[in-house]
Amino acid sequence: MKIFKFLMIALVAMLGFISCDKDDCNHYDHSADLVGTWTCLQENFAEALVISADGSMVATGLADGKYWEDVKGTIALKDGKAILNFEDNVTVEGHFDIIPGMAFSIVTDNGERMTFNYCANDLSEEVVGMWVCNDAMDSMRIHSFDDNGNAIFTGWDGYLEKYSVLENSKYKVVGDLIFQGGFNNETDSSHYIVAKLVYTPNGTAYGDIMSFKHYIFDGEESTQSWLRVKQGLNLAGKNYDYSKMYLSNVKGLDKDIEFMGYTMNFATLDGTGLNKMLKTILFNIQFPDAETMRYSGHYNGVEQFYNAPIEVEGNKITIKMSEKIPTLKDVEFYAFQDADDCQLHLYMHKTAFINFYTNVQARLMANMDAQFDITDAESINAIYSSINNAVETINLSLVMTESTKAL
């Protein structure tokens, strides 16, 4: 049935474009049909046109690494052709076909085709907020957009081929296209990227979904799905069990390090063993109140609980372990909840991971060995140095789901 519907839609579209090849169609004035917002996303070319009833228009686009924004121009139809003149001295002329309310195409004399689709809705307001990548295979990605055209990104950036933490950029949405650039205040327009947005309110049980369709990596098409998460945290009384993890950007010494009875080697670590460990120990996080975090796990058949005061600032949580035991390390990481608080996403960079490891390992050693003095700074620093020397880089993201266990 889906294939049949697709073929019918394709046939209607084809007939619509073909019908305007006839001479009688060329004499029909389609100027009124052009009013509105139209977007085109193709390999090496993207443009959004906002066309008014008098034929004036405003264009924002990206082609071959060159970005332009709010360039004024005019569009006119004559003898089956469209003529687009822009104030930056660019003129485009070509054969014109249209399916009113759906799409129009322009084919230049050298055979280049640009197909623009009609945008009934502008998504500039819907994109505002914070989003976490819903289908990343290797790393958690968090993107936030404010209503002033500023964006902040944390995670693996496949376009720039680097791992970014709180990277700033500018963005502009026209219709269903989002143009983004000015990363960390760079002005080079060749660093701009563009994507087509598809917004689905309540697209999953966890909330709104926004998909981003790009043409990157030598023309390869890529689509990512993003889940809307809250800016700010509602933690008091929440209880979460470990679900899955993303581990990326791991580099370190070829040396075995023990962690809760498991061996880690940061030269070969792929997350498989760490994921198994967290599932085996039934890793759990609870928030008895907004200022306390309790994390637990089963070790040697006994459930171990660790309580610590926390400080919350926006989406940043700081576990204030030093307030309980001055020799232990404070752990600073970022957390994100979905619309109904059913999921909690945690992101740790290298410093947070090393401090967390140091604290857990110290508590375990104190429980197993009565001679180990957890208040001795040298003993704690020895644990810290062993893991810090072994890890060059690491980014760990955990996905926790609402627990059925009582607090």
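How much space lies in the largest cavity? About 200 Å³ lies there, in a predicted model where local features need pLDDT of at least 70, side-chain atom pairs count only at pLDDT 80 or more, and totals for chains, interfaces and linings use all residues. Residues are numbered from 1 along each chain as its sequence is written, and side-chain values use heavy atoms, with hydrogens and water left out.

## Largest cavity

On a 1 Å grid over the protein atoms alone, a cavity is a set of points where a 1.4 Å probe fits but cannot get out, and lining residues have an atom within 4 Å of a point. The count comes to 2 cavities of 30 Å³ or more. Of the 18 residues lining the largest cavity, Phe259, Met277, Leu278, Phe283 and Phe356 are the closest to its centre. Elements that each supply at least two residues of this lining include helix 3 (272-280) and helix 4 (350-368). The lining of the largest cavity divides into 15 nonpolar, 3 polar and no charged residues.

## Second largest cavity

The second largest cavity holds about 40 Å³ of space, and among the residues that line it are Phe283, Ile285, Met293, Phe356 and Leu398. Its lining divides into 9 nonpolar, no polar and no charged residues.

## Largest pocket

A pocket is an open set of points with protein on both sides within 12 Å along at least five of seven lines. The largest pocket has a volume of about 510 Å³, and of its 23 lining residues Phe45, Trp68, Val90, Val92 and Met114 lie nearest its centre. This lining divides into 10 nonpolar, 4 polar and 9 charged residues.

Methods. Grid points are joined across faces, edges and corners, and a volume is the space filled by probe spheres set on the points. Helices (H or I, at least four residues) and strands (E, at least two) are DSSP runs, numbered from the N terminus. Ala, Val, Leu, Ile, Met, Phe, Trp, Tyr, Cys and Pro count as nonpolar, Asp, Glu, Lys and Arg as charged, and the others, Gly among them, as polar.
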